[in-house]
Amino acid sequence: MSVNKTKKSPAIKGVCLSIGLSLTMFSGISSAATDQDLLNMCMACHGKDGSSEFTSIPNLKWQNAAYMVQQLEQFKSGQRQDKTMTKVANLLTTEQMKAMADHFNKGKEE
Ligand code: HEC
C-alpha cells in the first residue's frame, strides 16, 4: 500500500481535533467515563483493533500488555512525553491501563 502523505495529513488533523474536543469533555468527567468510553477514544487514533491507519500513530495490536501498561504509566508520570498521550494517560487508573492494554494485546475489533 502506498502512503500518500498529502492526503493523510488533513485526515489526521481532523482526528486530532475531534479527539482534542473529547479529551476536554473527558477531563471533566474522567471518574464517570467507562472503560468503553475510554476505549472508543483510543480506537479513534490507534485503530479499532489497534492497527493504526496513521503513520504517526503506533500500532498497539498484539503488543505486549505489560509493555503498554508501562508506557502509559510513563506518560502519566512524565517520564515519557507526548502532547497527546500524556493527556490521555492522565485520565487512566492503573486498572484501566491494564484493561486497555489487554484489549489491544488480543487485537479484537471490540
Ligand atoms: C489523539 C490520538 C491518540 C489517542 C486518543 C490515544 N493515543 Fe496512544 N498514542 C498516540 C500517539 C501519537 C502515540 C505515539 C507517542 C510518541 O511518539 O511517543 C501514542 C502512543 C501510545 C502507546 C505507546 C506505544 C509504543 O509503541 O510505545 C500506547 C501504549 C498507547 N498510545 C495507548 C493508548 C491508549 C490505551 C489510549 C486510550 C486510553 C490511547 N493510546 C489514546 C495517539 C493517541
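Author: Let us begin with the words for angles: under 35 degrees counts as roughly parallel, over 145 as roughly antiparallel, 65 to 115 as roughly perpendicular, and the rest as oblique. Please keep in mind that this is a predicted model.

Reader: At what angle do the axes of helix H3 and helix H5 cross?

Author: The axes of H3, residues 65-77, and H5, residues 94-106, come within 8 Å and cross at roughly 140 degrees, and H3 and H5 are therefore oblique to each other. The crossing in which H3 passes H5 is right-handed.

Reader: Which residues of H3 and H5 meet?

Author: From H3 come Ala65, Met68, Val69, Leu72, Glu73 and Lys76, and they meet Thr94, Met97, Lys98, Ala101, Asp102, Phe104 and Asn105 of H5. Sorted by class, the residues of this contact between H3 and H5 are 7 nonpolar, 2 polar and 4 charged.

Reader: How do the axes of H3 and helix H4 cross?

Author: The axes of H3 and H4, the latter spanning residues 83-90, come within 8 Å and cross at roughly 95 degrees, which makes H3 roughly perpendicular to H4. On the H3 side the contact is made by Leu72, Phe75 and Lys76, and on the H4 side by Met85, Thr86, Ala89 and Asn90; by class, the contact of H3 with H4 has 4 nonpolar, 2 polar and 1 charged residues.

Reader: How many aromatic pairs does the structure hold, and where does the charged end of Lys61 sit?

Author: The structure holds 0 aromatic pairs, while the charged end of Lys61 sits over the ring of Trp62, at 4.6 Å from the centre of that ring.

Definitions and conventions:
Residues are numbered from 1 along each chain as its sequence is written. This is a predicted model: local features need pLDDT of at least 70, side-chain atom pairs count only at pLDDT 80 or more; totals for chains, interfaces and linings use all residues. Side-chain values use heavy atoms; hydrogens and water are left out. Axes are lines fitted to C-alpha atoms, for helices over the stretch in contact, and angles run from 0 to 180 degrees between N-to-C directions. Helices (H or I, at least four residues) and strands (E, at least two) are DSSP runs, numbered from the N terminus. A crossing is left-handed if the near helix is turned anticlockwise from the far one by less than a right angle, and right-handed if clockwise. Contact means heavy atoms within 4.5 Å. Ala, Val, Leu, Ile, Met, Phe, Trp, Tyr, Cys and Pro count as nonpolar, Asp, Glu, Lys and Arg as charged, and the others, Gly among them, as polar. Rings of Phe, Tyr and Trp (its six-membered ring) pair if their centres lie within 6.5 Å; planes under 30 degrees apart count as stacked, over 60 as edge-to-face and the rest as tilted. A charge sits over a ring if NZ of Lys or CZ of Arg is within 6 Å of the ring centre and within 35 degrees of the ring normal.
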